[in-house]
Amino acid sequence: MPSSIDLQNLHDIVVPTPVPWLPPAPGWYALGLTALLFLVWGGVVAYRRWRRNAYRRQALAELAGLTSGLATDTAAHLLLPRLSELLKRTALAAYGRAQAASLSGQPWLDFLDSRYGRPLFAGENGRLLLLGPYAPETQLAGISPAQVRNLCQAVRAWLAGHRAVGETSPQPPEPARVLGHPRPGGGASPVATVAVPEDAA
């Protein structure tokens, strides 16, 4: 049994002083500054991308307005000239007059497909797109609303997914399939594919 003298010589346990959070070590300052720089850089990149895609959002909004009554409109074929015009204006905004202004016919369809990465305007869609601006209304009247809806899907996909100047080449989303037809000007076409991204923001 310990003596009373031994007990008197005992001392309380000395707890070390807690390490203060402030001021932080120099490494935390460097880490915080690096994180802040990345946030600023990411914000600048996102803002530039948002501004660069302003024409794309405007075109998609215009297309939505054109097709808002498509489900019940018996004169859906009257949209064809306006769809062709919308594509041309969007291409001019994205690529400039030097690349897009003079294109027509099959070279115009090839240009659109090459900028999307898949043959959106092969077959029936391409035929309707070329027919719209020039055919008389009596000829356009024979085009069914279903054909116009398919073309609208292709136009929407191109507006949302085309690669503008300076952009990388992302793989377009997996498309829905539409039966192929001969391309205007001759030559069999593979199955045309249509991808409709949900947004382009």
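**Figure 1. Helix H6 and the residue that follows.** Directly after helix H6, Gly 117 adopts a positive phi of about 105°; helices (H or I, at least four residues) and strands (E, at least two) are DSSP runs, numbered from the N terminus. The model is predicted: local features need pLDDT of at least 70, side-chain atom pairs count only at pLDDT 80 or more, and totals for chains, interfaces and linings use all residues. Residues are numbered from 1 along each chain as its sequence is written, and side-chain values use heavy atoms, with hydrogens and water left out. H6 covers residues 105-116, and its 12 residues reach 17 Å from the first C-alpha to the last, close to the 16 Å expected at 1.5 Å a residue (the expected span is 1.5 Å times one less than the number of residues). Its buried residues are Trp 108, Leu 109, Phe 111, Leu 112, Asp 113 and Tyr 116; buried means under 20% relative accessible area, exposed over 50%, and partly exposed in between (1.4 Å probe, protein chains only). Their cover includes helix H4 (80-95), helix H5 (97-100), helix H7 (124-131) and helix H9 (145-161).

Figure 2. Helix H3 (residues 54-67) has 14 residues, which should span 20 Å at 1.5 Å a residue; its end C-alpha atoms are 20 Å apart, in agreement. Tyr 55, Arg 56, Ala 59, Leu 63, Leu 66 and Thr 67 are buried in H3. Viewed down the axis of H3, these buried residues fall within an arc of 100°, so they line one face of the helix (the arc is that of the directions from the helix axis to the C-beta atoms). Gln 58 and Ala 61, on the other side of H3, are exposed. H2, H4 and H9 are among the elements that cover the buried residues of H3.

**Figure 3. A nonpolar surface patch.** Leu 33, Leu 36, Leu 37, Val 40 and Val 44 form a nonpolar patch on the surface, with about 450 Å² of accessible area together. Patches are made of residues with over 30% relative accessible area and no salt bridge; like charges are joined within 9 Å, and nonpolar side chains (Val, Leu, Ile, Met, Phe, Trp, Tyr) within 5 Å. A salt bridge is a side-chain nitrogen of Lys or Arg within 4 Å of a carboxyl oxygen of Asp or Glu. Accessible areas come from the Shrake-Rupley method with a 1.4 Å probe; for residues, only the protein chains shown count as cover. Val 44 lies in helix H2 (residues 26-52) and is partly exposed, with a relative accessible area of 36%.

Note on methods
Contact means heavy atoms within 4.5 Å.
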